Amino acid sequence: MDDVKGAGVLSRVLSAFPPNMSVSDEQMRENIKSAISRGLSEVQQCSPHGRRMAIAAGGPSLADTYQQLDGVICAVNGSLGFLLDRGVTPWACVVFDPRPHMADIVEARPDVFYFIGSTCHPKLFDKLQGCNVGIWHPSGMPGMNEIEGIDNLIGGGTTMGLRWLTIGYFMGFRDFHAHGLDSSFRGEQTHAYPDHTDGAGSLEMFGYRTRINFIQQVSDWFGTKDMFNQLPDADRPKIRLFGEGLLQHCDEHNLRQP
């Protein structure tokens, strides 16, 4: 696809090529029911505190900035293995991708806390047996409102890097450093670590090679900022972006949907 330019490009591209759900609604409901039946502890809401959350999302620029991770380090999916390979043990890893292959991507470690979305496949929960695992319930998922026993639904974007912001806020964090929220490729590389997908269906936007779900993350980023900006000053979190990619570029130049 040719280079995409102009005002309102995010909304136009997403309207023409909406992201697809990765599993069927029925599979999502079965995942949620299975997760709840395990009787795991749920992530609890906490009062605000002064600690910083350093989010290690999976974009290629994480390889440039991971040594600057400062605070309570929190991994996303495969970034856990990336950090462990480099001698960094994060406090926690969070997942809400419902596909079964996440069990192959996420490493099981007894010294890491796992915050696993109730949308995740039973194979991931099975792999993490014996680890410190808690669940949380992402809002906006098919079937979530149909199931009894869910007290707290946590909103946020369509990617786990962004959901850490709302989960972290729920847990009392008000200071965030976000690494690897690139929403773009680096050459043929989609992530800082080997990915299970390739660059098929990619397009160019503002000089960055990207794809539809990455563009959705950029759109969600601005939506998350707008949500936080509606809060009173005392409750509004500080978020600093690290690295270089499409999302950071769009944020710096306020290139967003109208």
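Strand β5 contributes three residues to the lining of the largest cavity, the most of any contributor. The model is predicted, and a search of the whole structure finds one cavity of 30 Å³ or more. The largest cavity has a volume of about 30 Å³. Its lining consists of Glu-42, Val-43, Ile-135, Trp-136, His-137, Asn-152, Ile-154 and Phe-170.

Rolling a probe the size of a water molecule over the atoms shows where empty space is left.

## Helix α2

Helix α2 covers residues 25-37, and its 13 residues should span 18 Å at 1.5 Å a residue. The end C-alpha atoms are 19 Å apart, which agrees with that expectation. Within α2, the buried residues are Met-28, Asn-31, Ile-32, Ser-34 and Ala-35. Viewed down the axis of α2, the buried residues fall within an arc of 165°, so they line one face of the helix. An α-helix has 3.6 residues a turn, so residues three or four places apart point the same way.

The cover over the buried residues of α2 includes α6 (122-127) and β5 (132-138). Strand β5 is also the element that gives the most to the lining of the largest cavity. Just after α2, Gly-39 adopts a positive phi of about 70°.

## Cysteines

The structure holds zero disulfides. Cys-93 takes part in no disulfide, and the nearest cysteine sulfur, that of Cys-74, lies 9.3 Å away. A pair of cysteine sulfur atoms must be within 2.5 Å to count as a disulfide.

Cys-93 has 0% relative accessibility and therefore counts as buried. Cys-250 likewise counts as buried, at 0% relative accessibility.

How values were computed: Residues are numbered from 1 along each chain as its sequence is written. This is a predicted model: local features need pLDDT of at least 70, side-chain atom pairs count only at pLDDT 80 or more; totals for chains, interfaces and linings use all residues. Side-chain values use heavy atoms; hydrogens and water are left out. Buried means under 20% relative accessible area, exposed over 50%, partly exposed in between (1.4 Å probe, protein chains only). Helices (H or I, at least four residues) and strands (E, at least two) are DSSP runs, numbered from the N terminus. The expected span of a helix is 1.5 Å times one less than its number of residues. The arc is that of the directions from the helix axis to the C-beta atoms. Contact means heavy atoms within 4.5 Å. On a 1 Å grid over the protein atoms alone, a cavity is a set of points where a 1.4 Å probe fits but cannot get out, and a pocket is an open set with protein on both sides within 12 Å along at least five of seven lines; lining residues have an atom within 4 Å of a point. Grid points are joined across faces, edges and corners, and a volume is the space filled by probe spheres set on the points.
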